[in-house]
Amino acid sequence: MRLPDSQVAVLEAASATDERTIEQLSEATGLKPETVTGAAFDLEDAGLVSVSATESVSYTITEEGEAYAEAGLPEVRLYRAAVDAGAVDDPVSMGAVIGAADLDGPEVDIALANYARKGYGEVESGRITADPDADPESDAEATALAALVADAGADDEDALAELDRRGLVERSERAVRSVSLTDDGVTALMEGVEAAETVDRLTPELLASGEWADVEFTAYNVEADAPETRGGKVHILRQTAERVKDTLVGMGFREMDGPHADSEFWINDCLFMPQDHPARTHWDQFGLDVPPMGDIPADLLERVRSAHLEGVGPDGDGYHSPWTEAVAREIDLRGHTTSLSMRYLSGNEIGELDPPERFFSVEKVYRNDTLDPTHLLEFFQIEGWVMAEDLSVRDLMGTFEEFYEQFGITDLQFKPHYNPYTEPSFELFGTHPETGELIEIGNSGMFREEVLRPLGVDCDVMAWGLALERLLMLMYGFDDIRDVHGTLCDLDLLRETEVLH
């Protein structure tokens, strides 16, 4: 029997009594693992060997895991410090215990999150107790972590799964293929197998010399494993943003752009947001320690100041709260892209506008929010507005229905809402395709006279701010935007998700 060199080598290295892995055969033959795999599949097709596959799971400790293996898990350190502080007998101050445990930064939250979960004690109202029966020496996660560091292997699947969830280890799976000789393979070896010279491609030299007629060409197995190559791709969030832009341009809108760091004047004051509004504190927005903005038009600044202090029109009353130019000139990261709308509507950006006009932006904004499945510190907002005569809420709702229908969302719900800058106002909701719960997807309304008059606009303007990430959730069924955006994103999810058109 004549076989290619690689197949002869694998056949001779295989055994009829023991299964040998691709790695073992690679070492025995001196061939690359992928060459051995291809030869094994060809031999299997010929009935000379059998190939079996099993799943192998391995864990690799991360840099953070190595640090905790050396210093101890944060919750274990917290427990030992609590015991030393006497928390077994009476609750003690949590601050003192945290300091004694040498916990810093995110370790504090990690320790507190796992302390009660593992039954080490309770944390309540700033005080901590320690369970005298807890045994940190038998902590399953710490034991598994230590075993991985020592290359001793760990077999507690629950502990390993928790370490994986915490990012202290990385779990990987791979198929381990093993090869063994069949009866036909043993017979072939006994009768004698001869290596045949093979080539894997037809070259000009073979054609010119005529040798192509005498050589044996390598057979290609299109089902054989090949190395996985992952190239870069446009993030699904960016792809969706581009589709939103195309949709709005198709609806007759033009795109706005502008600074991410802007003055309080453009971000809040032009929107008739009082300077003592809770949303304008450092609890909600990010202030920058930079020089104040100097290039605000003086006449516009005065009209906005007057609107805040005196109101607009004969029935206007303004706010009975302080307003200072110094605050208006302070620089923040924009909490919404409505600052762009103010710049354009005022004529400051591209000159005075004549109705009808339509503008939009799909830009990043920044808010000091609590991270959860629907909130991030930075996200994309779909800003838009229409300037025209005799606009109504009905026009606004119709615009939303036309826009969202392009993305397969037809079950919009509207809820009345209050904004300092729009009246009437309402929020938009859509139904999550997987959970069935209502997801808030945007805020909208008709700009108030107190906003429009100082800007020099004397017709109606309807406006909105929609969340791009929430649109993504409704389109693809994601239930946590941290899976697609930020440091915790699921890379496999992003690679495998098909773009909807």
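In which helix do Lys-245 and Glu-242 both lie, and how many residues apart are they? The structure examined here is a predicted model, in which local features need pLDDT of at least 70 and side-chain atom pairs count only at pLDDT 80 or more, while totals for chains, interfaces and linings use all residues. Residues are numbered from 1 along each chain as its sequence is written, and side-chain values use heavy atoms, with hydrogens and water left out.

Lys-245 and Glu-242 both lie in helix H12, 3 residues apart, which is about one turn of the helix; helices (H or I, at least four residues) and strands (E, at least two) are DSSP runs, numbered from the N terminus. The side chains of Lys-245 and Glu-242 meet in a salt bridge, with an N to O distance of 3.8 Å, where a salt bridge is a side-chain nitrogen of Lys or Arg within 4 Å of a carboxyl oxygen of Asp or Glu. Glu-242 also forms a salt bridge with Arg-238, the closest N and O atoms being 3.9 Å apart, and these two residues both lie in H12 (residues 236–250), 4 residues apart. An α-helix has 3.6 residues a turn, so residues three or four places apart point the same way. In terms of relative accessible area (buried means under 20%, exposed over 50%, and partly exposed in between, with a 1.4 Å probe and protein chains only), Lys-245 counts as buried at 15%, whereas Glu-242 is partly exposed at 34% and Arg-238 is partly exposed at 34%.

A search of the whole structure finds 28 salt bridges. One of them joins Lys-118 to Glu-141, with the closest N and O atoms 3.1 Å apart. Because Lys-118 lies in the loop between helix H7 (106–115) and strand S5 (123–124), and Glu-141 in helix H8 (residues 140–149), the pair ties together parts that are 23 residues apart in sequence. Lys-118 is partly exposed, with a relative accessible area of 21%, while Glu-141 is buried, at 6%. Both residues belong to a network of salt bridges that also links Glu-75, Arg-117, Asp-139, Glu-162, Arg-165 and Arg-166.

Among the buried residues of H19 are Glu-469, Arg-470 and Tyr-476. H19 is followed by Gly-477, whose phi is positive, near 85 degrees.

With a disulfide taken as a pair of cysteine sulfur atoms within 2.5 Å, the count comes to 0 disulfides. Cys-459 is in no disulfide, and the nearest cysteine sulfur, that of Cys-270, is 17 Å away. Cys-459 is buried, with a relative accessible area of 5%, whereas Cys-489 counts as partly exposed at 23% relative accessibility.
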